[in-house]
Amino acid sequence: VPAVIAANKGKWSTMKSCSPAFWFHVSETGDEVYTVRCGGARTMTVTMIREICEIADKHCDGYLRFTTRNNIEFMVDDKSKVQPLLDDLASRKYAAGSFKFPVGGTGAGITNIVHTQGWMHCHTPATDASGPVKAVMDDLFDEFKGHNMPAHVRVSLGCCLNMCGAVHCSDIAILGYHRKPPMQDHEYLDKMCEIPLAIAACPTAAIKPA
């Protein structure tokens, strides 16, 4: 953790959201920490992670943290460092023009969606995660960057009834569920998935060796 946070453990007395972009903490000793939050993704490329580390090295002495809702937080110990950091984040865009590091998700707004693995990794989902989450956050983007809600709002998506996406402790939940028993195609089953894992994961025991 940053030295200022380690030095003031247990002494933070005040937290205030200055804008949708950042908030600050004040210690009993008078030390301050300003935290800039931006939306991230559950799955990132190595290139993206290296760019995040580059930003942290440039502005935050190499420190950053990820929240449980896939946000990225950059912490600085002086307010004069906040605007250069915000300007740097705003300047980083994809080729199509969208922000790589959209800033927001603090205070009385919508924070980033937390979600499960989806089809990319998990073997029990009833729906995918990344696609629906991207579509929902595109519509909620203005609320992510604003303070228009009565309180902090948390949204989550769970791909199945296991609900490992924290849908049970969110304000708005999107949940996929299986409506029919899974069907199997013996011709392709052994070519497309790991048989023991598929057999063990099937909740209805409908998948069995032929």
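## Salt bridges

A salt bridge here is a side-chain nitrogen of Lys or Arg within 4 Å of a carboxyl oxygen of Asp or Glu. By this rule, the count for the structure comes to 9 salt bridges. One of them joins Glu51 to Arg92, whose closest N and O atoms are 3.0 Å apart. Glu51 sits in helix H2 (residues 46-59) and Arg92 in the loop between helix H3 (82-91) and E6, so this pair ties together parts that are 41 residues apart in sequence. Helices (H or I, at least four residues) and strands (E, at least two) are DSSP runs, numbered from the N terminus.

## About the model

This is a predicted model, in which local features need pLDDT of at least 70 and side-chain atom pairs count only at pLDDT 80 or more, while totals for chains, interfaces and linings use all residues. Residues are numbered from 1 along each chain as its sequence is written, and side-chain values use heavy atoms, with hydrogens and water left out.

## Two domains and their interface

Let's turn to the domains. The domain assignment (automatic or from a database) gives domain 1 (1-104) and domain 2 (107-183). Taken over C-alpha atoms, their centres are separated by 23 Å. Contact, meaning heavy atoms within 4.5 Å, involves 18 residues of domain 1 and 20 residues of domain 2. The area buried between the two domains is about 1,400 Å², and carbon and sulfur atoms give 49% of that area; buried area is the accessible area (1.4 Å probe) that two parts lose on being put together, summed over both. Pro20, Arg42 and Arg69 supply 49% of the area that domain 1 buries against domain 2, more than any other three residues.

What links the domains in polar terms? Between domain 1 and domain 2 there are 0 salt bridges, but 10 residue pairs are in polar contact across the interface, both residues at pLDDT 80 or more. A polar contact is a pair of N or O atoms within 3.5 Å; within protein, one must be able to donate a hydrogen and the other to accept it, and residues adjacent in sequence count only if both atoms are side-chain atoms. On the domain 1 side, strand E3 (residues 32-39) gives the most, with 3 residues.

## A parallel sheet

Strands E6, E7 and E8 form an open sheet of 3 strands in the order E6-E7-E8, with parallel pairing; two strands pair if DSSP finds at least two bridges between them. At the edges are strand E6 (114-115) and strand E8 (172-175), each pairing on one side only. E6 pairs with strand E7 (residues 155-158) over 2 bridges, and the bridge partner of His115 in E7 is Leu157.
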